[in-house]
Amino acid sequence: MGELAGDKHVKYILSVEKKKDSFESVVMEHLRLNGAYWGLTTLDLLGKLDTVDSDEVVSWILQCQHESGGFGGNIGHDPHLLYTLSAVQVLALFDKLDVLDINKVTDYIRALQNEDGSFSGDIWGEVDTRFSYCAICCLAILKRLDSINVEKAVRYIVSCKTLDGGFGCTPGAESHAGQIFCCVGALAITGSLHHIDKDLLGWWLCERQVKSGGLNGRPEKLADVCYSWWVLSSLIMIDRVHWIDKEKLIKFILDCQDTENGGISDRPDDAVDIFHTYFGVAGLSLLEYPGLKATDPAYALPVDVVNRIFFGRCST
Amino acid sequence: MASSSSSSSEGEGRRAWVPLASRPEFAGVTPLPQDDGPSPVVAIAYRDDFRETMDYFRSLYSSRELSPRSLLLTSLAISVNPANYTVWHFRRQVLEALGADLTEELEFTEGVAKRNAKNYQLWHHRRWVAEKLGPDAASRELEFTRKIFCLDAKNYHAWSHRQWVLQALGGWEDELDYCAQLLKEDVFNHSAWNQRYFVITKSPSLGGLNAMRDSEVDYAIEAIHANPENESPWRYLRGLYNDENEAWLNDSRVHSACLHVLKAKRNFKFALSTLLDLLGLGFKPNQEIKDAITSLRTSDSGEAGSDSDLANSVCSILGREDPMRANYWTWRSSKLPQAAEV
């Protein structure tokens, strides 16, 4: 079995961050905040967050914030829950949550909760359980979960449960590993995991592992490295991760690396990108691959960052 | 978690790019370059059309100009980067300000969908338009998603849109038939099975799950016999009896279907797993089922005695057949009810 080419991935991430004129950078311009979260969290998991100038990043993030308190994907972009979460997560990585006006961010998020407990992504009204996760995770990090109607939020998520024990984007929608992560994560954060049939869902999730050892997101679909995160973190949150073959999954993820130029792709021999690099490394972290920091499956941040948020600075 | 993929707009009949600076309709607009923060953007002309389009977009967006040329510009910007959600927002503001013909807007989105069927912004925009057009839009929306499914019958966005259309705008009448058609084309299409469940539980013209259960059990079992390795109809069958364990235990068609698959000695994983579920709920198998299970065991350790021995046999066969999930099957055997008096 190959090895994790950690140094190469660090180089790759730093190069993407610097090359703002590359095609990848240019088409990702509107979601650079997500990209920052993927890249910086990966660096932290590899123990290399200090290779980045945190002041520069923090100052840029604040410029992405709007009057309303929400954050856009980059300077000059409209606010949205997706980028608001990434902003808060990146600030947490740098232990700079104190630069925020917490009330403003909280007001932005709570205004997006609907009557039925669901969340819209922004003022344009798109509803999706992804946004329930963004809102709940973000407010939990800011310790302002009490500002929304948690009971209704949970009820809405539970209404999105499917016939096979998973969750979709809205009530009635098909089970999908990405949506499942969002729903299980939100339920975990709000202490509501008892609503899940863990055995049934655990089985659906472990059935995502295909012959190659990789994981797919739905029955009869192709394996993709990003599911190494979504399926795996969900299994961990419901205490069923031992139901997949970890060794085979590790091998699959390692095979998706570009060991020469750095970066990880969706499946072996495809082009790499920051998104899959993060999910591959985070997946390996969940699998306790040596040399990586531990990752919190619900908050999708390094465990020491989460501990710092909730328990203050640790002496070690 | 936003999709990181966006298409370039190469090829497909792109005419030679006429710089916006030389187009009379954009006279007077001062292009604004992207501000990425402290590190200045290196001014390399990567792709002139992309860069210029976005610079002009930023200008009109920041001056909040809600005009026909802004509408045109959002079309251009969307064609070079359809995932740029701020462009779509601005487009909606322009459409509202102009009181634009939204039927034309449907055509615009269809053009975008041709190259970007998995784009979140496209689908949300389409929904916004359809919502404004109201129930009259229903059949066109169903037709639109149908076209998408011809290219990719599992497109998650399209299914989500179609479900919304049915619930918000109507059009349920032919939906069960449509599911049947898709499943005829590909009986492994889990999205179509999910839609079928959606229809039988929510359609106002069908009477609900209880009314539909009987015929749907037959439908699922037919699919199981055709392809016993197909995960979907097994899950569907179980879903038909959600919260109805007694009824599930007592429906002889279910364990007969399992037996049928076991006897063929191929692709019996889900048949065994279903039997395991039944055994766990107190199902008493007949001799035929016991024999069928016994004949699948590799080691001959005598007859299957009590039901719990039988269930353990099932678990060990499954662990052998599906080694990737060996831990799961071992755990299942640890969860079996203790042996009742034989």
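Reply: Chain B of this predicted model has 17 helices and zero strands. Of its 342 residues, 53% are buried. Among the contacts in chain B with a separation of 6 or more, 63% are accounted for by residues 24 or more positions apart. The chain exposes about 15,500 Å², and carbon and sulfur atoms supply 50% of that area.

Chain A contains 14 helices and four strands. Its radius of gyration is 18 Å, close to the 20 Å that the globule rule gives for 316 residues, so chain A is as compact as a globular protein of that length. Taken along the principal axes, the box filled by its C-alpha atoms is roughly 50 × 45 × 40 Å. Buried residues make up 66% of the 316 residues in chain A. When contacts between residues at least 6 apart in sequence are considered, 67% of those in chain A join residues at least 24 apart. Chain A exposes about 11,000 Å², with 50% supplied by carbon and sulfur atoms.

The second largest pocket draws its lining from both of these chains. Its volume is about 920 Å³. The elements that give two or more residues to this lining are α10 (198-206) of chain A together with α11 (231-240), α12 (245-250), α14 (269-280) and α17 (326-334) of chain B. Of these, α14(B) provides the largest share, six residues. The lining comprises 32 residues, and those nearest the centre of the pocket are Asp197(A), Asp199(A), Leu200(A), Arg238(B) and Asp277(B). By class, the lining of the second largest pocket divides into 14 nonpolar, eight polar and 10 charged residues.

Rolling a probe the size of a water molecule over the atoms shows where empty space is left. The model has three cavities of 30 Å³ or more. The second largest cavity has a volume of about 60 Å³. Its lining consists of Ala173(A) and Glu174(A) from chain A, with Tyr156(B), Trp159(B), Ser160(B), Gln163(B), Ser191(B), Asn194(B) and Gln195(B) from chain B. Two helices of chain B, α7 (156-169) and α9 (190-202), are the elements that give two or more residues to this lining. The largest share, four residues, comes from α7(B). By class, the lining of the second largest cavity has three nonpolar, five polar and one charged residues.

A few individual residues complete the picture of the two chains. In chain A, Glu288(A) has a positive phi of about 60° although it is not a glycine. This residue lies in the loop between α13 (274-286) and β3 (295-296) of chain A, and Glu288(A) is exposed, with a relative accessible area of 63%. In chain B, Arg64(B) likewise is not a glycine but has a positive phi, of about 55°. Arg64(B) is placed in the loop between α1 (48-62) and α2 of chain B, and at 44% relative accessibility it counts as partly exposed.

Apart from neighbours within four places in sequence, Ser75(B) is in contact with Arg91(B) and Phe108(B). Between Ser75(B) and Lys132(B) the separation is 57 residues in sequence and 20 Å in space, C-alpha to C-alpha.

Methods:
Residues numbered from 1 in each chain as written. Chains lettered and ligands numbered in written order. Predicted model: local features only at pLDDT ≥ 70, side-chain atom pairs only at ≥ 80, totals over all residues. Heavy atoms only, no water. 1 Å grid on protein atoms, 1.4 Å probe; cavity = no way out; pocket = protein on both sides within 12 Å on 5 of 7 lines; lining within 4 Å. Points joined across faces, edges and corners; volume = space filled by probe spheres on them. Nonpolar A, V, L, I, M, F, W, Y, C, P; charged D, E, K, R; others polar. Rg over C-alpha atoms; globule rule 2.2 N^0.38 Å. Buried < 20%, exposed > 50% of the residue type's maximum accessible area, 1.4 Å probe, protein only. Contact = heavy atoms within 4.5 Å. Areas by Shrake-Rupley, 256 points an atom, 1.4 Å probe, with all protein chains shown as cover.
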